[in-house]
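The following paragraphs lead the reader through one protein structure, beginning with the whole chain and ending with individual residues. Please keep the sequence and the model in view while reading.

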Amino acid sequence: QTFEKLLIANRGEIACRVIKTCKKMGIKTVAIHSDVDANAVHVKMADEAVCVGPAPTSKSYLNMDAIMEVIKKTRAQAVSLNESICCSSLSPKILPPLSLQASEGITFIGPDTHAIQAMGDKIESKLLAKNAKVNTIPGFDGVVKDADEAVRIAREIGYPVMIKASAGGGGKGMRIAWDDEETREGFRFSSQEAASSFGDDRLLIEKFIDNPRHIEIQVCSNKHGNALWLNERECSIQRRNQKVVEEAPSTFLDPETRRAMGEQAVALAKAVKYSSAGTVEFLVDSSKNFYFLEMNTRLQVEHPVTECITGLDLVQEMIRVAKGYPLRHKQADIPINGWAVECRVYAEDPYKSFGLPSIGKLSQYQEPLQVPSVRVDSGVQQGSDISIFYDPMISKLITYGCNRAEALKRMEEALDNYVIRGVAHNISLLREVIIHPRFIQGEISTKFLPEVYPDGFKGHKLTDLERRELLATAASLYVCEQLRSQRFLGTPRIPIAKSKRSSWELSVRLGDGIYPVAVSKDGSSFSVEVDGMKLNVTSEWNLASPLLSVTIDGTQRTIQRISRNAAGDTSIQFLGTVYKLQILTKVAAELSKYMPEKAAEDTSSALRSPMPGAVVAVSVKPGDTV
């Protein structure tokens, strides 16, 4: 026996994820949506869909009055909440209606209001953790009143310190301070950001654990006081305190540390009478000392890696617990089978601060589901809009293997086969992370990205051999297309100077260099000479496909041709990074040196935003000295 109808107060990939399990369990679903999300994937997947307001989340997905009306109208028996609703800063408006609806027979998929309040408040959750004998980070447990008190507390704790929002999450309202000046500045910025993001400007200060790992424990508990820990997830690869790559299990934990962390996570869940799936997050230092960070009272973005190694459907477990069923498993039944890795694919430009949001329409979109052991949790499709109103996540890309090496190899292949057009995306950054020697060896911390890329991410750095492979592939593609054009039109669009039958002399511009390339054709293969080295390039040359599998001297590469034009300009995604090239005939290469360089645009008098957004304050006025 289960629920007949469940309303999902969420959007995007997590709404789609819940709907999939509901379909498997025979539960009808109701989706809510804003007006701009009328054609969203989760709306199409659900059995019913109701618009709850305009695009801003405060007027739609967090509009509890409208959501309550939809619950009554559709006669939903249960509700899966938006993770932002499960936040203590919203509790004065949100939690009383939840309690009222619960008294009217509406079941909420998740913990009760007491657990949401207790764990959503970082100050209260830390006190509860201490009482439950959970390791906590040294710090001040009260609310910091002003900047002067912040400096006094920071001096008592000892620098460096972490200033963070009491009601925060997702890295918002957090600042690291190494001295008094940074503490004052951090207090001001964190309180402003906390008030803006959560409607609550309370801050706390604690010791900053330098160079830590971020490892979390998945827990699942029911209303009968039973609780399980479902192993750990390694979430140390982060930018701006937001996770980028996650995996399960962690390369760092030994069985004893894993058990100790799991037992403390369960102790905390029992202390707050937690009844659902939740996540207890820890910071772990180089000596395997671990400290409680926070508890997330929701289904985490990275939950699929836990599902892969345990075989559990966490959404199904949450629904069963909400219905009052006991847990079906004992702690001894929870396995670690294989290895799973998750990459968060975002519509972001990774070359700007490791990822600033990008907006636009997904003009072409193809998930790499043809790669074995790949799972993609997404809420988009070809034609979907990535807007300024919501998180720019495109999908969660998950790969699974018998061991870590196999999971990472499949992730590399999946990233190469992921087609995303119309917006900037972070595929290049994700690929570089998973093939980096430090990551492969498990030598990671939350400082991985700034340490590996101290000057910012610049894309893949080609070796000499990889550069030759790229040049040879680009030249072969160009000749292949010219020959096809010749068959259809009677002549190539751009004349190719022939030195002899079935051979061509070209030049390829890449970056600041121009490289002579000699191409000769033999059947479906090309022999290409670059820098005095001959490479054999073979492919089926399906130019209509966005993906092209190319074999270069026995090495298989999956490339994507992003764009091209009649002048020989082409963009190719190679080893995850997009490279701009120009193919020139021998004559064009000679003439190119006479072409004047295009002057760079003078932007000295302009102030440009690096990303879409709203101007929330202008701190100067005409006449001020800057």
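The model shown here is predicted. Its secondary structure comprises 17 helices and 32 strands. The radius of gyration is 27 Å, close to the 25 Å that the globule rule gives for 626 residues, so the protein is as compact as a globular protein of that length.

Burial and surface may be considered next. Of the 626 residues, 55% count as buried. The accessible surface comes to about 28100 Å², and carbon and sulfur atoms account for 51% of that area. As for the contacts between residues at least 6 apart in sequence, 62% join residues that are at least 24 apart.

How is the chain divided into domains? The domain assignment gives domain 1 (5–109), domain 2 (111–137 + 209–241 + 263–335), domain 3 (138–207), domain 4 (338–459) and domain 5 (464–485 + 501–593). The centres of domain 2 and domain 4, taken over C-alpha atoms, are separated by 25 Å. The contact between these two domains takes 19 residues from domain 2 and 28 residues from domain 4.

Why does Phe389 count as partly exposed? Its relative accessible area is 39%, and this value falls between the 20% and 50% cut-offs, so the residue is classed as partly exposed.

Most residues other than glycine have a negative phi, and most peptide bonds are trans. Where does the model depart from this pattern? Two cis peptide bonds involve proline. The bond from Tyr159 to Pro160 is cis, with omega near 0°, and Pro160 is placed in the loop between helix H7 (147–157) and strand S7 (161–165). The bond from Ala248 to Pro249 is also cis, with omega near -5°. Pro249 belongs to the loop between strand S12 (242–248) and helix H9 (255–271).Positive phi values occur at Asn211 and Asn231, neither of which is glycine. For Asn211, phi is near 60°, and the residue is found in the loop between strand S9 (203–207) and strand S10 (213–221). Asn231 has phi near 70° and lies within strand S11, residues 227–239. Are these residues buried or exposed? At 37% relative accessibility, Asn211 counts as partly exposed. Asn231 has a relative accessibility of 4%, which is under the 20% cut-off, and therefore counts as buried.

Conventions. Residues numbered from 1 in each chain as written. Predicted model: local features only at pLDDT ≥ 70, side-chain atom pairs only at ≥ 80, totals over all residues. Heavy atoms only, no water. Helix = DSSP H or I, 4+ residues; strand = E, 2+ residues; numbered from the N terminus. Buried < 20%, exposed > 50% of the residue type's maximum accessible area, 1.4 Å probe, protein only. Rg over C-alpha atoms; globule rule 2.2 N^0.38 Å. Contact = heavy atoms within 4.5 Å. Areas by Shrake-Rupley, 256 points an atom, 1.4 Å probe, with all protein chains shown as cover. Domains from an automatic or database assignment.
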